[in-house]
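Have the sequence and the 3D view ready.

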Amino acid sequence: MTVTDSQKMAYVAAQAADARVNLQFETEDGMTLNMGPQHPATHGTLRIVAQLDGEQVVRCEPIPGYMHRGYEKLCEVRTYPQVTTLINRIDWLGSFANEVPFILAAEKLMDVEAPPRAQVIRTILFELSRLGNISLFLGDLGIQLGGITIGFYAFRDREFVLNQIEAATGGRFHPNFDRIGGLKDDLPKGWIAETHLAMERMRRLCDEFEELVLGNEIFQARTRGIGVIPTDIATSYGMSGANLRATGVDWDLRRDACPPGLSYDLADWKVWTHPDGDSYARTWIRLQEVRESTHIVDQLLDSIPAGPIMAKVPRIIKVPEGEAWVATENPLGEMGYYVVSKGDLVPFRVKIRSASFNNISVVPWVTRGVFVPDVITILASLYFILGDIDR
Amino acid sequence: MSGLIFAIELAYWQQTLIKVLVAAVLIPTTALILGIVFLFKMMSWMQSRMGPQEAGPRGLLQLAADGLKFLQKEDIIPDRADRFVFKAAPVVVLASTFLTYVILPAGPDLVIENLPTGIFFAMAVSSLSVVGVLMAGWASSNKYALMGGLRAGGQLIAYELPLILAVMGVVIQAGSLSMQDIVWAQADGSMFGFGGLGLPFVITQVLAFFIFMAAIQAELTQPPFDMPVAESEVVGGFHVEYTGFRFLFFFLGEFATAFAFAAIAATLFLGGWWVPGVDPNSALANVVGPIALFVKIMVVAFLIFWFRFTYPRFREDQLQRFAWKYLIPLALANITITGILVVVL
Amino acid sequence: MRTWLTAGRVIRLSSADTPTTESSEDVVEAVRDERREALAERLTTVLGDAVVETHIRPGDDLWVRVNREAWAEVAEASRNRLGLRFFDFLSAIDWLPSPFGRDMDAQEDLDAGASSSEPAPIVTGYAGGDTRFQLLARLFDIDEHIGVTFKADLPDEDLSAPTWTGTFLGAEWHERETWEMFGISFTGNRNLVHLYLPGAFEGNPLRKDFPLLARRVKPWPGIVDVEPMPGADEEADGDEAGAS
Amino acid sequence: MPKVPGMVKGLGVTFRTMVETLKPSGGPATVQYPHEKEEPSPRARGVIALHEENCTACMLCSRECPDWCIYIEAHKTLAPPRRAGGKPRQVNQLDRFAIDYSLCMYCGICVEVCPFEALFWSPEYEFSEVSIADLLHEKERLGEWMETVPDFEAYEAGSEAKGKKVPR
């Protein structure tokens, strides 16, 4: 390994800066509050170092990396089918959604297209994982703000969605169901009817959330005007998904840049935006998204075409040389894979662009001058999954 | 009236001993009852769960089992903690709770000490817990505990005022500070000339009742006013460093105080041990009284815990603003109106 | 249902001397991507000499290779003048073929030193490249729904580039990640500290010559472990060759 | 009609849920686990069962496993001929087939790639151990789980997938 002088210098500088983070926080005026890596508000192992003046945050620095698993490196030693079992652990709440962009990228490089039936079922499962993910957000936000009851409701009704995912894929959390050229298996009998019922439950959860949390005056006082992120800042940080739509940007990859292989055009649905850009707006957007999502699933369930679920692909998958970037609108925001193939069994390089990484990098900007409880509100409303930051 | 059923003359020390034993058994029991009925069972039902099922019939002994578990746990004191203050803090909190029970009347004769300034005494000793909380927060040598303790200090002091001011309305109407006299005033009262139901002050003092409920919610640091112990930010606040039986003290203190406050609210606003139809001067009142009081306490406690399981929490500055800008002016207005009406009518 | 217009067919990699648009026209005459061509044109006009090479895969994506020196101006011009306001990601690629293989082909491949002594030639991807390390970044226009992938060559002797944090605030974390994973430093990023790795970590894990220990400490269990009978057939060995 | 304050509505939600939980027709959403068990769906990936007779020690599962957690050892042996009068066949006799469940990610790739239908998913999930080293299960234990493998379900309408049979 050649280490040039400039690298050495950079390394030394970084060491010093690393040490400075701790030192500086401890010696300057005011108090430093170290939240995490084990802290209830950071669901996962995110560490947040906040320099306080009384209850007010002077500076706040998230320190990720306590769960870094090096997926980009690991992907380089795994064959394409093996990679999906790995990457559905990135955002572990919406794990099927993690597989899709990678599979689509591989399909793009191979010029394979999944049969229509597989595409529709894939889209349904994609939306189910969105429901499983965001419904937990609804519950978690309540828990972070002190209203624990909604957390239990969310877990209760999310169960129905997970059961459907399990009934189809066999895995509640890590389906590993998406394959290059289609899906692993077809749906079991009775699944469609049960999924309709689960969607009914999810809509009920939305109503309950609206009554119990969103409409609550205390909740509104806690979230309105807190953590306002203007559009420019949001795009500059690369925030995506509901966080970006909450700043008034009408942009949804499912509608605007839906990669082939997903059939969102078969459903009639709406992209919601909110002009405020605060924590309330982010919550509201996600609530509406869950509702839209249930409608998408309902419509797609009724329009599953008959046919095979797997295109013709070789048994041993070698992906032709090339580079492909596919991004989809995952529950947390834009998730993309930049896949570089050298015509081998394994990808040469996989750059994983995960949504939470960009979404959370805005935290130092947005938490300046807020109160400590607002840090919790902002973190909860930005909504991150730690695996999605650390990868 | 004294000695209607306890006709036996007891020496002072005998009376004291009985009272001490009653208190020592009663107070933890009340905490257990509230904990099981509301924290375990009602909360579970409100969250589509069944709650604990294993310990005892339908899990009713779960809290006793938890208490035993706490006793077995290692007593950890942080290295840099102020050991004496750290150890003393739970005792101070619990002492404040115990003292509150002194003036609670459960019947015409069933009261540990019928002080002429009963409610004043209750308010005074209940604010003692703030000292314990601050001690715990400060002595733990933990930033979360410190923040939680200071938040609790600020909050308890802020909500002490609406609490007392809300009580003032009742006191003006009853014309006495004694808890027994307040009960009697409600028993003797009449609504539009109809005296069969007496006059529970919740009817005339409805505003004071709501202010009182909000204030005790804050005094108990329960949602929506649980910022000092918010587990999602300060991870339990002032008791974050406590383990074992010291934590148990805080836990017991919290629920016993909830019971005491519910009892005060029941006495001040719902007529305490008095039941319509039972002659308060008869011996029967001493038997029915405790039951009636218990039922009323459970009603009030249900409200307290219902709010607790439903609402998210206020931010620290918001709850201060709520106290100073809304509750206190409202309470003052209530006192003024009550005073005018009492003089005019 | 939409399909990739020519996806997969243009797997031949573009090089500096063949114009990339032509290579796609060889295959399918009709397929041209006017939006992306226009954007590439505008980029060339705005950035001038900074653009080294462009590559378009019709209906899919646009790759632009720029000069390292102009890296910061690229971001600035793209955001402020071309409307590419959405910052997607910033990373790098190490084009060195892995000296370790996949660690799962045969026992002798585990000997790392032997194969790395004679490195395979470096082949870079779309929009070409001359160096082992390339910066990789992507910007997106959220109004026009069009994105650009930028690349920049980094010479081995000076792995550094101007920072993007002046234009895109979110680039800070990405540059920190790239710095620790590839050892590429960014001049102007004052907060270049470890993001993921512990402070005392040595090495740059995403470089191809950084061994993945999890695959080194344990032998591959897929090696055929069937004791042959005297005069055994070659069935199992044939199977292995097919899989690897 | 005046708007009901959100705080009052919220109280209604919790109260309604409490009534629903206590009603005999409603009931809680949870079950009392060790006494009462929920049936996982037939496809649930609980544990991998091995039908030893079908295994030819071809090593495919072991190779495709992303975690390298399948260990196979075998030797060649002669099996009786299929038809009477035929020559004895040379087959791989399995000596060891072990899955290290402490490494396994339950991805199912091994079950999928098995060309001889020797591996099956069972929804069985109660196989936790006190020590992590005890999660390395040999073929005897894997074979026991074959009993818990459910039959393949029928497919939803419009499917062209063919149902498979579980060897018993």
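## Covered and open places

B:Leu345 counts as exposed because its relative accessibility is 82%; exposed means over 50% relative accessible area, buried under 20%, and partly exposed in between, with a 1.4 Å probe and protein chains only. The model is predicted, so local features need pLDDT of at least 70 and side-chain atom pairs pLDDT 80 or more, while totals for chains, interfaces and linings use all residues. Residues are numbered from 1 along each chain as its sequence is written, chains are lettered from A and ligands numbered from 1 in written order, and side-chain values use heavy atoms, without hydrogens and water.

B:Leu345 sits in the segment after helix 12 (316–344) of chain B. Helices (H or I, at least four residues) and strands (E, at least two) are DSSP runs, numbered from the N terminus.

| Helix | Buried residues |
|---|---|
| Helix 3 of chain A | A:Tyr80, A:Gln82, A:Val83, A:Thr84, A:Thr85, A:Leu86, A:Ile87 |
| Helix 2 of chain B | B:Gln62, B:Leu63, B:Asp66, B:Gly67, B:Phe70 |

Helix 3 of chain A (residues 80–87) is mostly covered, with seven of its eight residues buried. Its cover includes helix 4 (95–110) of chain A and helix 2 (60–64) of chain D, where contact means heavy atoms within 4.5 Å.
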